[in-house]
Each structure stands twice: as C-alpha cells, then as structure tokens.
Amino acid sequence: MALAREFGDLRLLAAALNTRGLLARGQDRYADSARDHQAALEQARAGADRAGEATALLGLAYAAMFTGDAAQAGALAEESLAAAWDSGDRHALARVLFLLAWATSNAGALEQAEELGTEALGLFRALGDTGEQADALFLLGTVAVYSGGYERAAGFFAGSLARLRDQGDEKGTARALGGLGGALLNLGDRAGARDVLEESLVVARRYGDRWGTAMSLTLVGHVDLADGDETRAQALLAEAASLFADTGNLMFLPWCLEGLAAVATARGDNERAAELDGAREALRAQIGMLLPPVHPTAYAPTLATARAGLTPAAFDAARARQARQAPQIITAATSSWNSPPPKSAW
C-alpha cells in the first residue's frame with residue numbers, strides 16, 4: 001500500500017487494499033474487511049479498474065453474507081458480476097460465480113446454485129487454479145448435502161480434500177473434512193464421520209481457525225448425539241455457539257441450536273427444546289439463510305418428541321417466546337440446564 005501510494009498507482013492501491021480485506025476476512029474481522037474493500041472500491045473506480053472494482057464488491061458481499069445480511073450480499077454479488085464481465089477477467093468472473101452459487105444455495109435455489117457452482121468450477125479448471133477448484137468442489141458438496149444427495153456430496157468433499165492435500169494446504173482441509181464428516185453422518189457411517197470430524201477439529205485448532213473450530217465442534221456434537229452422548233454433545237455445541245458469536249459469523253449457529261434442542265428432549269425438557277427450535281427459526285429469518293437441518297433424520301424425531309410432550313398451545317407458545325435477537329439466542333443456548341435463563345432472556 002505504501003509503495004502504491006508513493007507511485008500514485010490507483011490500481012495497485014486497490015489491489016493492496018483488496019488483499020488486506022481478504023486477510024481480514026480470513027481472520028474473522030469482517031468490519032475491517034468491509035472497510036478495506038470499500039476503500040479499494042473507491043480507488044478502483046477512480047482508476048477505471050473494473051477488475052479491481054469486481055474484487056472489491058465481491059469482498060463487500062462476503063462481509064455482508066458472513067455478518068447475516070443475505071439480501072445485501074446478493075445485491076453486491078450481482079453488481080460484482082457486472083464489473084467482472086466488463087473487465088474480461090476470467091478469474092474475477094469465476095470467483096463471483098462461486099459466491100453467487102453460495103448466495104443462491106443459502107436462499108434455497110439449489111438447482112441454480114449447482115449450475116453456478118459447476119460453471120465456476122469449469123473456469124477454475126481452465127485457469128489451472130487447484131485451490132479454487134477445491135473451494136468449488138466443497139461448494140458443490142454443500143449444495144448436494146442441502147439437496148439430500150449425501151453420496152454425491154461425499155464424492156465432492158473427497159475431491160476437495162484431495163486437491164487441498166496435493167497443494168499442501170493443511171489448514172484448508174479442516175473445512176473439507178468437516179463437509180465429508182457431515183455427509184458420512186447422514187449416510188449412517190457414524191464411525192467414519194467421527195474419524196474425519198475429530199481430525200478436522202484438530203486441524204482447525206492447530207491453526208487458530210475459530211470459525212472452522214466452531215463448525216467442527218458442531219458436527220462432532222451431532223455425532224455424539226447420534227451415539228447417545230448428550231453430555232459431551234451439549235459441551236461441544238455450547239462451545240461452538242460461543243465461537244460463532246465471537247467471530248460474528250452466525251450462518252451455521254442454527255445447527256448448534258438443533259443439537260441443543262436434541263439434548264433438551266433427551267433430558268425430558270420438551271419446552272426448552274421447543275424454545276430452541278423457535279430460536280433456530282428466528283435466527284434463520286434474521287440472517288436470511290434457509291439452512292436445512294444438519295442431520296434431518298435425527299432432527300425430525302427431536303421435534304416430534306417435543307411436540308408430543310407438550311400441549312399444542314404450549315408447544316407453539318414456547319417456539320414463539322417473545323422476539324429473539326442473536327445475543328439473547330446465544331446466551332440462552334450456552335446457559336446451563338441446571339440454571340435455565342428466565343423467559344425474558346428469549
């Protein structure tokens with residue numbers, strides 16, 4: 001940045017700012033990331049740099065998505081796509097298509113997400129970018145999970161993992177291992193799921209990846225639930241919820257709430273299970289992400305048990321307990337069952 005300013009090169013300054021914004025995002029500092037990408041956008045526009053503009057808008061879209069503003073993320077991604085097309089920069093175009101695929105999958109448009117993700121993957125392959133190919137394969141695996149295609153998802157995640165290992169990106173393997181573990185859990189292979197998810201947790205902790213650690217903890221917690229160990233599951237899921245809160249990225253916090261609802265039903269606390277499910281729905285609405293359950297065949301019985309243990313009116317009242325905001329949801333989710341929060345905390 002100092003050299004770019006010294007030489008008065010607006011394009012290099014935009015590139016430096018975009019890179020610093022990318023670094024901030026990798027460290028879960030989303031406000032800092034948005035600030036740098038906004039500054040890069042101003043420099044890129046001043047220098048008529050459409051590729052730099054596309055990259056800056058893409059960074060702003062990620063910051064919006066990770067902090068729970070799905071609508072803004074989608075609008076910024078569309079604006080970035082137009083700039084990428086104008087620039088003729090195929091790498092920028094592939095990266096924007098990749099983010100659009102995430103945005104559409106979050107909105108539940110899974111066929112469109114797969115089309116966009118496949119197009120991005122083709123561009124990354126043509127460009128010879130192994131790391132971006134790994135990301136695109138992970139995305140396609142996630143879309144397959146959301147669609148219930150767990151065999152296909154496992155194949156995509158395995159492909160992503162192989163590319164990451166080929167290029168020596170150990171840190172990146174935590175996410176691919178997590179995706180593979182989630183697919184294996186839904187395929188009924190709990191032992192295989194536990195092996196890869198415990199490995200993903202070790203890797204995420206080794207690199208100080210708080211968001212990756214939260215994801216791994218969440219998924220291991222669901223394996224614990226499937227194995228009947230609700231005590232360990234509660235501890236892991238509560239830790240994950242706190243980490244999601246620390247990073248400010250709450251996109252997958254609903255998966256923690258699903259697991260904690262299952263802990264509640266296992267302990268006969270059906271009212272709390274219903275409250276947690278209501279909190280899950282409130283959070284999904286707030287972040288604008290139609291995230292399906294992480295383990296649907298396990299979550300359906302959780303809700304059925306909670307519903308059967310309460311009158312219809314009590315179940316509905318528990319799910320609708322006051323207006324809930326993210327801080328209150330997290331406080332309630334991580335509190336001890338021995339000292340339940342007052343109803344006003346919901």
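Trainee: Which helix gives the largest share of the lining of the second largest pocket?

Mentor: That's H14, with four residues. Keep in mind that we're looking at a predicted model. Helix H12 (210–226), helix H14 (253–266) and helix H16 (296–308) each put at least two residues into that lining.

Trainee: How much space lies in the second largest pocket, and what makes it a pocket and not a cavity?

Mentor: About 220 Å³. A cavity is a set of points where the probe fits but cannot get out, whereas a pocket is an open set, so the word "pocket" tells you this one is open. The lining has 15 residues, and Leu225, Ala226, Ala262, Ala298 and Thr302 are the closest to the centre.

Trainee: Let's move to glutamine 133. Why is it called buried?

Mentor: Its relative accessible area is 10%, and buried means under 20%, so glutamine 133 qualifies. You'll find it in helix H8 (residues 130–146).

Trainee: What makes the pairing of glutamine 133 with arginine 163 a polar contact?

Mentor: The two side chains come to 3.5 Å. Leaving out residues up to four places away in sequence, glutamine 133 touches Leu121, Phe124, Arg125, Gly128 and Arg163.

Trainee: How do you know that the length of H8 agrees with its number of residues?

Mentor: At 1.5 Å a residue, its 17 residues should span 24 Å, and the end C-alpha atoms are 25 Å apart, which agrees. H8 is mostly covered, with 15 of its 17 residues buried. Glycine 148 follows H8, and its phi is positive, near 85°.

Trainee: And how does helix H4 do on its span?

Mentor: H4 covers residues 50–66, and its 17 residues should span 24 Å at 1.5 Å a residue; the end C-alpha atoms are 24 Å apart, so that agrees too. H4 is mostly covered, as 15 of its 17 residues are buried. Just after H4, glycine 68 takes a positive phi of about 95°.

Trainee: Which residues touch the most other members of the largest nonpolar core?

Mentor: Out of 105 residues, those are Met65, Leu99, Tyr146, Phe244, Phe252, Leu253 and Trp255.

Trainee: What does phenylalanine 252 touch, not counting residues up to four places away in sequence?

Mentor: Tyr146, Trp211, Met215, Phe244, Met289 and Leu291. Contact means heavy atoms within 4.5 Å, so each of those partners has an atom inside that limit.

Methods:
Residues numbered from 1 in each chain as written. Predicted model: local features only at pLDDT ≥ 70, side-chain atom pairs only at ≥ 80, totals over all residues. Heavy atoms only, no water. Expected span 1.5 Å × (residues − 1). Buried < 20%, exposed > 50% of the residue type's maximum accessible area, 1.4 Å probe, protein only. Core = buried A, V, L, I, M, F, W, Y, C linked by side-chain atoms within 4.5 Å. Polar contact = N/O pair within 3.5 Å; in protein donor to acceptor, adjacent residues only side chain to side chain. 1 Å grid on protein atoms, 1.4 Å probe; cavity = no way out; pocket = protein on both sides within 12 Å on 5 of 7 lines; lining within 4 Å. Points joined across faces, edges and corners; volume = space filled by probe spheres on them.
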